[in-house]
Amino acid sequence: MENQDKSTTLTISENKTGAGLDIGTAFLVGARQKSKDKEILLKKVRCAFVELGLESLGILKMKNIPFIKKEDSVLIIGEEAIKIPRAFFTRNDNLDFLELQVRRPLSDGIISPREADAISVLEVIIKQILGQPLVPNEKVYFSVPAMPIDNVLVNIEYHTETIINLLKSVGYDGAPINEAYAIVHSEGEDFGYSCMAISWGAGLTNVGMANEIWEIDSFKFSVSRGGDYIDKGVSDSLRIPITRVILEKEGDRKKEISRLDLTNPRNEIQVALKYFYKSYINYVLDLIHAKFFTLKTTVPLPDSIPIICSGGSALPKGFIELVKEGVFGKRSRLPFAVSDVILAKSPLTAAAKGLRIKLEMDNA
Ligand SMILES: Nc1ncnc2c1ncn2[C@@H]1O[C@H](COP(=O)(O)OP(=O)(O)O)[C@@H](O)[C@H]1O
Ligand SMILES: [Mg+2]
């Protein structure tokens with residue numbers, strides 16, 4: 001059972017202590033567990049912000065929009081960062097509101113080295129999600145990506161240390177858990193937790209495997225492509241703004257369903273999206289293949305492995321079919337037997353939920 005509470009923080013006294021926090025390039029998702037039943041409460045905040053001039057203060061106050069005031073500008077954080085330009089400019093039909101630059105504290109799965117405001121923005125979002133700790137030094141399991149197999153320049157350790165310090169500064173005791181492994185905990189029960197989990201995210205794609213709950217440490221890695229790669233590919237090819245592509249891809253954000261049907265692209269943008277989706281999926285499958293050969297002889301694996309797909313990039317209709325095509329199609333891209341390819345029940349929140357479940361398991 002789960003329930004997404006968007007309006008409040010997750011700090012409620014009847015909750016158990018200890019939280020899960022999935023830190024992604026596109027979203028941060030928190031998870032707490034009620035004491036009474038096993039219900040897990042989730043809260044998701046878009047990991048984005050815009051910077052406006054001080055002249056916007058009046059309208060922000062009037063519209064009751066939360067902001068952070070800096071010396072000579074204001075920052076709007078979260079979903080509002082995407083909505084705010086619309087609120088400002090709806091009357092001007094010719095203005096492409098999407099041109100106002102939306103910035104993100106994370107890029108490629110880690111705290112952005114190019115973004116001076118990254119830490120302070122993350123702090124605001126974390127406080128917004130988790131609220132005050134329920135006890136001093138409350139435990140938080142937070143997700144971290146594995147090392148990208150195709151980009152050695154990304155420093156996961158530094159990112160991890162920075163998050164631990166940030167959590168400490170707001171009263172939490174953070175411990176990193178691999179993102180794919182977190183998904184095994186929330187979605188793997190039906191398979192006795194012997195499965196491969198792939199988190200198809202925005203900046204990175206995370207791959208992990210477990211054999212009866214044990215993380216196969218030598219088989220975890222990430223791939224430095226995700227939804228951002230698709231967005232940029234389509235935007236460059238058709239010479240249209242990235243935000244236009246995202247709108248076509250995500251459709252109705254509130255309902256968390258994509259308007260894109262990859263089996264039936266209906267316009268030029270959707271045709272391009274399908275092309276880049278296919279290229280992205282096959283790239284990830286080829287790297288799984290390559291990685292598999294480096295550990296083949298040493299790791300005990302189930303005879304036939306189910307693959308669980310999670311993450312926002314797995315949301316469009318027809319996504320699983322494209323993965324199946326790559327796995328079971330005429331030219332199968334994987335060198336081991338796959339029993340099935342399954343979509344996670346809630347692809348945007350599975351990792352956060354899994355982190356909370358793992359915390360409960362470790363406390364038992
Ligand atoms: N409804 C949707 N349809 C299609 N793609 C979506 C949808 N919602 C989010 N996405 C895409 O999913 C990605 C974010 O997924 P997520 O798993 O949250 O990534 P991360 O963990 O990297 O933050 C983005 O590329 C975003 O555009
Ligand atoms: Mg993620």
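**Confidence first**

Colour the chain by pLDDT, the predictor's confidence in each residue, from 0 to 100. The chain has an average pLDDT of 87, and 88% of its residues score at least 70. This is a predicted model, in which local features need pLDDT of at least 70, side-chain atom pairs count only at pLDDT 80 or more, and totals for chains, interfaces and linings use all residues. Residues are numbered from 1 along each chain as its sequence is written, while chains are lettered from A and ligands numbered from 1 in the order in which they are written.

Select residues 1-7: pLDDT stays under 50 here, and the model has 15 contacts for them beyond four places in sequence. A contact means C-beta atoms, placed from the backbone, within 7 Å. Residues 90-98 are also below 50.

**Helices α6 and α7**

Helices are DSSP runs (H or I, at least four residues), numbered from the N terminus. Select α6 (residues 227-238) and α7 (residues 242-250), which pack at about 120° with axes 8 Å apart. Axes are lines fitted to C-alpha atoms over the stretch in contact, and angles run from 0 to 180 degrees between N-to-C directions. Show D231, K232, V234 and S235 of α6 with I242, V245 and I246 of α7, the residues that make the contact.

**Helices α8 and α9**

Move to α8 (residues 268-295) and α9 (residues 319-328), whose axes come within 10 Å and cross at roughly 45°. On α8, show Y277, K278, I281, N282 and L285; their partners on α9 are L322, V323, G326 and V327.

Terms used: Helix = DSSP H or I, 4+ residues; strand = E, 2+ residues; numbered from the N terminus. Contact = placed C-beta atoms within 7 Å.
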